[in-house]
Amino acid sequence: MPYPDTTSVRSGRWLSLGPASRLLGVDPDTLRRWADDGRVETWTTPGGHRRFDRAALERLAADRGGRVVRSLSTLGASPARLARVYRRHYATDPRHGPAQPTATGAPVDAEREAFRRDGRLLIAGLTAFLDARPGDTRTRARLEAEACAVVDDQALRLARGGASLTEAVSRFVVARQPFLAELAQLGRRRSLDPARLADLYGDASALLDRLLLRFIETHQRIGG
(Lines give C-alpha, C1' and ligand atoms only; values in the text may rest on other atoms or scores of the structure.)
Protein backbone atom coordinates (compact mmCIF):
# COMPACT_ATOMS: atom_id res chain seq x y z
CA MET A 1 0.00 0.00 0.00
CA PRO A 2 1.22 3.63 -0.43
CA TYR A 3 3.02 5.29 2.46
CA PRO A 4 0.66 7.08 4.87
CA ASP A 5 0.92 10.82 5.18
CA THR A 6 3.02 12.41 7.91
CA THR A 7 -0.02 13.47 9.95
CA SER A 8 -1.37 9.93 10.26
CA VAL A 9 2.03 8.60 11.32
CA ARG A 10 2.47 11.24 14.02
CA SER A 11 -1.08 10.73 15.29
CA GLY A 12 -0.18 7.28 16.58
CA ARG A 13 -2.40 5.50 14.09
CA TRP A 14 0.51 3.35 12.88
CA LEU A 15 2.30 1.01 15.30
CA SER A 16 5.58 -0.85 15.00
CA LEU A 17 5.68 -4.62 15.43
CA GLY A 18 6.32 -4.65 19.19
CA PRO A 19 3.50 -2.32 20.31
CA ALA A 20 1.15 -3.88 17.75
CA SER A 21 1.75 -7.41 19.02
CA ARG A 22 1.32 -6.26 22.63
CA LEU A 23 -1.98 -4.61 21.74
CA LEU A 24 -3.28 -7.92 20.40
CA GLY A 25 -1.62 -10.05 23.06
CA VAL A 26 0.21 -12.27 20.57
CA ASP A 27 3.85 -13.00 19.83
CA PRO A 28 5.53 -10.75 17.25
CA ASP A 29 6.13 -13.78 15.02
CA THR A 30 2.41 -14.52 15.04
CA LEU A 31 1.52 -10.97 14.02
CA ARG A 32 4.21 -11.00 11.33
CA ARG A 33 2.67 -14.18 9.92
CA TRP A 34 -0.82 -12.65 9.99
CA ALA A 35 0.53 -9.67 8.05
CA ASP A 36 2.10 -11.98 5.48
CA ASP A 37 -1.26 -13.75 5.13
CA GLY A 38 -3.06 -10.43 4.63
CA ARG A 39 -5.10 -10.63 7.84
CA VAL A 40 -3.98 -7.20 9.03
CA GLU A 41 -3.23 -3.96 7.19
CA THR A 42 0.43 -3.02 7.12
CA TRP A 43 2.99 -0.94 5.27
CA THR A 44 6.77 -1.01 5.20
CA THR A 45 8.98 1.97 5.92
CA PRO A 46 11.83 2.89 3.58
CA GLY A 47 14.09 1.26 6.18
CA GLY A 48 12.23 -2.04 5.86
CA HIS A 49 10.21 -1.95 9.10
CA ARG A 50 6.55 -2.91 9.26
CA ARG A 51 3.88 -0.54 10.52
CA PHE A 52 0.40 -1.68 11.56
CA ASP A 53 -2.90 0.19 11.50
CA ARG A 54 -4.08 0.59 15.10
CA ALA A 55 -7.76 0.72 14.08
CA ALA A 56 -7.41 -2.52 12.12
CA LEU A 57 -5.77 -4.21 15.09
CA GLU A 58 -8.54 -3.06 17.42
CA ARG A 59 -11.14 -4.50 15.04
CA LEU A 60 -9.21 -7.76 14.92
CA ALA A 61 -9.07 -7.84 18.72
CA ALA A 62 -12.86 -7.37 18.85
CA ASP A 63 -13.35 -10.18 16.33
CA ARG A 64 -11.17 -12.44 18.47
CA GLY A 65 -13.49 -12.13 21.43
CA GLY A 66 -13.88 -8.55 22.58
CA ARG A 67 -11.54 -7.51 25.36
CA VAL A 68 -7.87 -7.96 24.57
CA VAL A 69 -6.20 -10.22 27.12
CA ARG A 70 -2.44 -9.85 26.90
CA SER A 71 -0.13 -12.65 27.92
CA LEU A 72 2.18 -12.15 30.88
CA SER A 73 5.17 -12.25 28.55
CA THR A 74 3.89 -9.43 26.37
CA LEU A 75 3.11 -7.43 29.52
CA GLY A 76 6.71 -7.81 30.67
CA ALA A 77 6.48 -10.79 33.05
CA SER A 78 8.10 -13.47 30.91
CA PRO A 79 9.60 -16.59 32.53
CA ALA A 80 13.05 -15.19 31.74
CA ARG A 81 12.35 -11.94 33.60
CA LEU A 82 10.84 -13.81 36.55
CA ALA A 83 13.88 -16.08 36.66
CA ARG A 84 16.09 -12.99 36.94
CA VAL A 85 13.90 -11.71 39.77
CA TYR A 86 14.42 -15.01 41.58
CA ARG A 87 18.17 -15.01 40.97
CA ARG A 88 18.39 -11.63 42.70
CA HIS A 89 16.22 -13.00 45.49
CA TYR A 90 18.42 -16.08 45.89
CA ALA A 91 21.51 -13.88 46.10
CA THR A 92 20.13 -11.92 49.06
CA ASP A 93 18.08 -14.58 50.90
CA PRO A 94 20.05 -17.47 52.46
CA ARG A 95 16.90 -19.53 52.99
CA HIS A 96 17.10 -20.85 49.43
CA GLY A 97 19.07 -23.92 48.51
CA PRO A 98 19.64 -26.99 50.67
CA ALA A 99 19.17 -26.59 54.40
CA GLN A 100 22.08 -28.98 55.04
CA PRO A 101 24.16 -31.57 53.19
CA THR A 102 21.77 -34.21 51.89
CA ALA A 103 21.36 -37.72 53.19
CA THR A 104 22.50 -39.01 49.78
CA GLY A 105 25.80 -37.17 50.11
CA ALA A 106 25.22 -34.93 47.10
CA PRO A 107 27.35 -31.76 47.16
CA VAL A 108 25.60 -28.71 48.54
CA ASP A 109 26.27 -26.71 45.36
CA ALA A 110 24.67 -29.45 43.24
CA GLU A 111 21.64 -29.51 45.50
CA ARG A 112 21.32 -25.74 45.38
CA GLU A 113 21.39 -25.83 41.58
CA ALA A 114 18.73 -28.57 41.61
CA PHE A 115 16.46 -26.35 43.70
CA ARG A 116 16.99 -23.46 41.32
CA ARG A 117 16.35 -25.63 38.28
CA ASP A 118 13.07 -26.76 39.81
CA GLY A 119 12.30 -23.13 40.55
CA ARG A 120 12.76 -22.18 36.90
CA LEU A 121 10.47 -25.02 35.84
CA LEU A 122 7.86 -23.92 38.35
CA ILE A 123 8.03 -20.30 37.18
CA ALA A 124 7.48 -21.38 33.58
CA GLY A 125 4.57 -23.59 34.62
CA LEU A 126 2.91 -20.87 36.70
CA THR A 127 3.24 -18.34 33.89
CA ALA A 128 1.78 -20.75 31.33
CA PHE A 129 -1.08 -21.61 33.72
CA LEU A 130 -2.00 -17.95 34.17
CA ASP A 131 -1.80 -17.31 30.43
CA ALA A 132 -4.13 -20.23 29.63
CA ARG A 133 -7.76 -19.22 29.19
CA PRO A 134 -9.79 -19.88 32.38
CA GLY A 135 -12.23 -21.96 30.34
CA ASP A 136 -9.45 -24.17 28.98
CA THR A 137 -9.67 -26.61 31.87
CA ARG A 138 -7.73 -29.35 30.08
CA THR A 139 -4.66 -27.17 29.53
CA ARG A 140 -4.78 -25.75 33.04
CA ALA A 141 -5.13 -29.23 34.55
CA ARG A 142 -2.11 -30.45 32.58
CA LEU A 143 0.00 -27.47 33.63
CA GLU A 144 -1.02 -27.84 37.27
CA ALA A 145 -0.09 -31.54 37.17
CA GLU A 146 3.35 -30.60 35.83
CA ALA A 147 3.75 -28.03 38.61
CA CYS A 148 2.75 -30.67 41.17
CA ALA A 149 5.51 -32.95 39.87
CA VAL A 150 8.07 -30.19 40.41
CA VAL A 151 6.74 -29.52 43.91
CA ASP A 152 6.89 -33.25 44.73
CA ASP A 153 10.55 -33.28 43.69
CA GLN A 154 11.33 -30.33 45.94
CA ALA A 155 9.47 -31.79 48.91
CA LEU A 156 11.20 -35.17 48.49
CA ARG A 157 14.62 -33.54 48.30
CA LEU A 158 14.01 -31.55 51.48
CA ALA A 159 12.53 -34.47 53.40
CA ARG A 160 15.35 -36.82 52.46
CA GLY A 161 17.86 -34.11 53.33
CA GLY A 162 16.50 -33.96 56.86
CA ALA A 163 14.59 -30.67 56.72
CA SER A 164 11.67 -30.56 59.16
CA LEU A 165 8.16 -29.89 57.89
CA THR A 166 8.19 -26.45 59.54
CA GLU A 167 11.44 -25.50 57.84
CA ALA A 168 10.32 -26.87 54.48
CA VAL A 169 7.01 -25.01 54.55
CA SER A 170 8.79 -21.80 55.55
CA ARG A 171 11.05 -22.11 52.53
CA PHE A 172 8.09 -22.72 50.22
CA VAL A 173 6.20 -19.70 51.56
CA VAL A 174 9.25 -17.47 51.20
CA ALA A 175 9.75 -18.68 47.63
CA ARG A 176 6.24 -17.75 46.51
CA GLN A 177 6.55 -14.11 47.54
CA PRO A 178 8.71 -12.84 44.63
CA PHE A 179 6.23 -14.26 42.10
CA LEU A 180 3.23 -12.57 43.69
CA ALA A 181 5.18 -9.36 44.23
CA GLU A 182 6.14 -9.27 40.55
CA LEU A 183 2.47 -9.63 39.56
CA ALA A 184 1.58 -6.68 41.76
CA GLN A 185 4.40 -4.58 40.28
CA LEU A 186 3.27 -5.59 36.81
CA GLY A 187 -0.09 -4.00 37.48
CA ARG A 188 1.56 -0.73 38.47
CA ARG A 189 4.09 -0.69 35.62
CA ARG A 190 1.52 -1.43 32.92
CA SER A 191 -1.49 0.31 34.47
CA LEU A 192 -3.21 -3.03 34.19
CA ASP A 193 -6.98 -3.14 34.41
CA PRO A 194 -7.78 -3.77 38.11
CA ALA A 195 -10.15 -6.62 37.25
CA ARG A 196 -7.47 -8.32 35.14
CA LEU A 197 -4.86 -7.88 37.89
CA ALA A 198 -7.26 -9.23 40.51
CA ASP A 199 -7.95 -12.28 38.34
CA LEU A 200 -4.24 -12.93 37.82
CA TYR A 201 -3.38 -12.47 41.48
CA GLY A 202 -6.32 -14.59 42.62
CA ASP A 203 -5.53 -17.43 40.21
CA ALA A 204 -1.85 -17.36 41.15
CA SER A 205 -2.57 -17.36 44.89
CA ALA A 206 -5.09 -20.19 44.59
CA LEU A 207 -2.71 -22.33 42.56
CA LEU A 208 0.17 -21.68 44.95
CA ASP A 209 -2.09 -22.62 47.88
CA ARG A 210 -2.92 -25.93 46.18
CA LEU A 211 0.74 -26.55 45.47
CA LEU A 212 1.60 -25.82 49.12
CA LEU A 213 -0.91 -28.46 50.27
CA ARG A 214 0.63 -30.92 47.81
CA PHE A 215 4.10 -30.00 49.09
CA ILE A 216 3.05 -30.69 52.69
CA GLU A 217 1.45 -34.02 51.82
CA THR A 218 4.52 -35.20 49.96
CA HIS A 219 6.93 -34.11 52.69
CA GLN A 220 4.83 -35.81 55.39
CA ARG A 221 4.66 -39.03 53.37
CA ILE A 222 8.46 -39.20 53.17
CA GLY A 223 9.51 -37.41 56.33
CA GLY A 224 7.09 -39.17 58.62
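Trainee: Which residues in α2 meet which residues in α3?

Mentor: Keep in mind that this is a predicted model. On the α2 side they are Leu17, Ala20, Ser21 and Leu24, and these meet Pro28, Leu31, Arg32 and Trp34 of α3.

Trainee: How do the residues of that contact divide into nonpolar, polar and charged?

Mentor: Six are nonpolar, one is polar and one is charged.

Trainee: And at what angle do the two helices pack?

Mentor: About 100°, with the axes of α2 (residues 17-24) and α3 (residues 28-36) 9 Å apart. Angles of 65 to 115 degrees count as roughly perpendicular, so α2 is roughly perpendicular to α3.

Trainee: Stepping back, how many helices and strands does the protein have?

Mentor: Ten helices and three strands. Along the sequence the pattern reads α-β-α-α-β-β-α-α-α-α-α-α-α.

Trainee: What percentage of the residues count as buried?

Mentor: 42% of the 224 residues. As for contacts between residues at least 6 apart in sequence, 72% join residues at least 24 apart.

Trainee: On to the cores. Which residues in the largest nonpolar core touch the most other members?

Mentor: Leu72, Leu122, Leu126, Leu130, Phe179, Leu211 and Phe215, out of 32 residues in that core. Helices α6 (79-92), α7 (108-131), α8 (137-160), α9 (165-189) and α10 (194-223) each supply at least two residues of this core.

Trainee: What does Leu72 touch, leaving out residues up to four places away in sequence?

Mentor: Leu72 touches Ala77, Ser78, Thr127, Leu130, Asp131, Leu183, Leu186 and Leu200.

Trainee: Which residues does the second core include?

Mentor: Leu24, Val40, Phe52 and Leu60 are among its 13 residues, and that core is separate. Leu24 is also one of the α2 residues that meet α3.

Trainee: Last one. What should α8 span, at 1.5 Å a residue?

Mentor: The 24 residues of α8 should span 34 Å, and the end C-alpha atoms are 34 Å apart, so the two values agree.

Trainee: What follows α8?

Mentor: Gly162, with a positive phi near 95°.

Conventions
Residues numbered from 1 in each chain as written. Predicted model: local features only at pLDDT ≥ 70, side-chain atom pairs only at ≥ 80, totals over all residues. Heavy atoms only, no water. Axes fitted to C-alpha atoms, helices over the stretch in contact; angles between N-to-C directions. Helix = DSSP H or I, 4+ residues; strand = E, 2+ residues; numbered from the N terminus. Parallel < 35°, antiparallel > 145°, perpendicular 65-115°, else oblique. Contact = heavy atoms within 4.5 Å. Nonpolar A, V, L, I, M, F, W, Y, C, P; charged D, E, K, R; others polar. Core = buried A, V, L, I, M, F, W, Y, C linked by side-chain atoms within 4.5 Å. Buried < 20%, exposed > 50% of the residue type's maximum accessible area, 1.4 Å probe, protein only. Expected span 1.5 Å × (residues − 1).
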